[in-house]
Amino acid sequence: ANKKLLILPGDGIGPEVMGQVQQVINWMDKRRAVTFDVETGLVGGAAIDAEGSPLADATMEKASNADAVLLGAVGGPKWDELPFEQKPERGLLRLRKEMELYANLRPALVFDALVEASTLKPEVVKGLDIMIVRELTGGIYFGEPRGIEDLPDGQRRGINTQVYTTNEIRRVAAVAFELARKRGKRVTSCEKANVMESGVLWRQEVQKLHDESFQDVALSHMYADNAAMQLVRNPKQFDVIVTDNLFGDILSDEAAMLTGSLGMLPSASLGDPDKHGRRQALYEPVHGSAPDIAGQDLANPIASLLSFAMALRYTFDLAEDADLIEQAVQRVLAGGLRTADIMSPGAAKVSTVTMGQAILRQ
Ligand code: NAI
Ligand code: MG
């Protein structure tokens with residue numbers, strides 16, 4: 001199958017870190033004969049300046065037709081004064097909405113050399129490799145009715161509604177089960193079925209889908225508050241966690257801090273599969289455009305490189321190549337090279353380009 005990749009570097013440090021991903025793509029082409037059909041495009045402030053909108057229709061169409069989109073980051077002080085509808089972030093929101101990316105994947109992967117950067121004890125996080133799958137387009141952030149009403153007695157009332165349909169639950173659960181098959185073959189589904197009707201439905205539907213189609217994966221259910229505790233008590237008990245939009249927002253930020261720096265965190269967002277079973281996919285670092293360090297060759301390119309590794313593993317089924325990248329990162333960190341954001345005593349401080357080159361050499 002051909003491998004259509006759309007690269008949208010965006011703003012600030014986006015082009016700097018995506019430049020290092022491009023080097024790895026060139027290397028794979030030459031040395032491993034894995035050829036990508038790469039296009040690049042503009043998103044965010046860069047697109048506003050050159051094309052008059054944060055995501056041109058032509059770029060949107062390329063994104064829809066690509067097997068995977070790799071995004072750097074968008075935004076910056078230059079565009080902060082624009083009205084909401086015209087802001088750089090709208091480009092990213094349009095991509096997520098029109099590609100219908102309902103499953104947000106946030107891995108928490110602890111590299112041996114950075115064990116000391118975790119907020120937890122080394123023995124609790126050493127070797128940690130978990131994946132949180134958060135439902136991204138439904139639930140309480142979008143449910144109707146919503147709003148703030150005036151009450152007759154002069155009080156006001158704020159309303160949000162948690163709503164999930166069977167289809168919304170099943171499609172995100174399917175993503176989690178498929179991922180588990182490529183990983184440790186275990187899924188933990190988190191909700192609050194003890195106090196929420198949507199939680200009862202969530203639990204029933206995830207269990208049904210499991211029994212119908214994913215019996216080779218071990219499924220367990222856990223209340224979300226307990227999961228929050230278990231994540232800091234013994235995170236290595238988990239492989240894949242699947243949960244709703246609200247609980248996923250919180251649990252994925254909590255899990256991120258098990259690993260240390262923002263500059264190390266990749267993510268993916270997946271949508272429906274096409275007729276070949278390949279899902280719509282957007283891969284991006286968790287961090288933003290970091291205007292404070294942009295243009296200075298200081299940014300950590302690892303989050304973007306690991307996002308590309310996720311694309312290799314989950315979109316292109318190139319697990320071996322994904323392993324190569326993750327192992328190269330591991331070795332370079334073990335060798336003592338650090339960008340400023342992950343600097344530790346005794347390590348050697350290097351630039352974006354030097355870090356990228358060192359990883360490529362490994
Ligand atoms: P940020 O993630 O850009 O930066 C937060 C802090 O982390 C800064 O001190 C930055 O220097 C540091 N940092 C981030 N990535 C780093 C890397 N790869 N290497 C080394 N240090 C790194 O978040 P902030 O400052 O809240 O937002 C800056 C701009 O980015 C805003 O315009 C915001 O809207 C946008 N943003 C965009 C996102 C996206 O494109 N997905 C996500 C978050 C923010
Ligand atoms: Mg959050």
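Gly260 counts as buried because 21 C-beta neighbours lie inside 10 Å, where the cut-off for a buried residue is 20 or more. The structure is a predicted model.

**Setting of Gly260**

- Gly260 is found in the loop that runs between α9 (245–256) and β11 (266–273).
- Leaving aside residues up to four places away in sequence, the contacts of Gly260 are Leu114, Ala117, Ser118 and Ile342.
- The C-alpha atoms of Gly260 and Leu120 are 9.7 Å apart in space, although the two residues are 140 residues apart in sequence.

**Overall fold of the protein chain**

- The secondary structure of the protein chain comprises 12 helices and 14 strands.
- The radius of gyration of the protein chain is 21 Å, which agrees with the value near 21 Å for a compact globule of 362 residues.
- Along the principal axes, the C-alpha atoms occupy a box of roughly 60 × 50 × 45 Å.
- Among contacts in the protein chain with a separation of 6 or more, 72% join residues 24 or more positions apart.

Terms used:
Residues numbered from 1 in each chain as written. Chains lettered and ligands numbered in written order. Predicted model: local features only at pLDDT ≥ 70, side-chain atom pairs only at ≥ 80, totals over all residues. Helix = DSSP H or I, 4+ residues; strand = E, 2+ residues; numbered from the N terminus. Rg over C-alpha atoms; globule rule 2.2 N^0.38 Å. Contact = placed C-beta atoms within 7 Å. Buried ≥ 20, exposed ≤ 12 C-beta atoms within 10 Å, placed from the backbone.
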